[in-house]
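Subject: Structure for you to look at

Hello,

Here is the structure I said I would pass on. Please open it and keep it beside this email as you read.

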Amino acid sequence: MRVAMRKIQVLAFILVCTMISGCGLAYRQNAAELAKTAKPEDYGPKPSSYEKTIKDAMEIVLIDPESARYSNWQEPRQAVIPSGISAYGSFSTKPILGWQVDVYINSKNRLGGYTGAKRLGFFFVNNNLYAYGEYSPGAEGYGWDYLIKQ
């Protein structure tokens, strides 16, 4: 009885892992196809006042926004990210086109010390901030937090 239960647990674990990796694969395939076939106008307008928009957004997020030091601003570039979170809590496999701006931000924590500059990406759709996320090299890029729900 214990062996049978253990087999069921292992099979359930494998099934869940397969489903999760399948969503990531489906998104990557969809994103690659969309990026290949997209026309420049499909990305929407290039964000105009992105520095101010990003700083305004960070006023809400950072513990001590007045201490924030912004560096290494990147020019907006055309990009593709997942369109959001699905009803089941996983990333949607539907990609969305827009513009991404990367910047390093260093700000003070609750103890008053600087945390060290972190690379963040900000994603714009139709000149509106859609998502932002901290860069994580081991996680294939950014962990996006969505600001605008579609």
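Below is what was found in it, from the overall layout down to one residue.

First, the ground rules. This is a predicted model, where local features need pLDDT of at least 70, side-chain atom pairs count only at pLDDT 80 or more, and totals for chains, interfaces and linings use all residues. Residues are numbered from 1 along each chain as its sequence is written, and side-chain values use heavy atoms, with hydrogens and water left out.

**Layout**

The protein has two helices and six strands. These are DSSP runs numbered from the N terminus: helices are H or I with at least four residues, strands are E with at least two. Along the sequence the order is α-α-β-β-β-β-β-β. Of the 150 residues, 31% are buried. Buried means under 20% relative accessible area, with a 1.4 Å probe and protein chains only. Now take the contacts (heavy atoms within 4.5 Å). Among those with a separation of 6 or more, 49% join residues 24 or more positions apart.

**Cores**

In soluble globular proteins, nonpolar side chains tend to be buried together. A nonpolar core is a set of buried Ala, Val, Leu, Ile, Met, Phe, Trp, Tyr and Cys residues joined through side-chain atoms within 4.5 Å. The largest one here has 18 residues. Ile54, Met58, Ile105, Phe122 and Phe124 have the most contacts inside it. At least two residues each come from α2, β3, β4 and β5. Strand β3 gives the largest share, five residues. A second, separate core has seven residues, including Ala79, Ile81, Ile96 and Ala131.

What does Met58 touch, not counting residues up to four places away in sequence? Its partners are Pro65, Tyr70, Ile105, Phe122 and Tyr132.

**Ser107**

Ser107 sits in strand β3. Is Ser107 buried or exposed? It is buried, because its relative accessible area is 7%, and the cut-off for buried is under 20%. Leaving aside neighbours within four places in sequence, Ser107 contacts Leu62, Asp64, Ser67, Ala68, Gly113, Tyr114 and Thr115.

**Lining of the second largest pocket**

The lining residues divide into seven nonpolar, five polar and four charged. Nonpolar covers Ala, Val, Leu, Ile, Met, Phe, Trp, Tyr, Cys and Pro; charged covers Asp, Glu, Lys and Arg; the others, Gly among them, are polar.

Best wishes

Notes:
Buried < 20%, exposed > 50% of the residue type's maximum accessible area, 1.4 Å probe, protein only.
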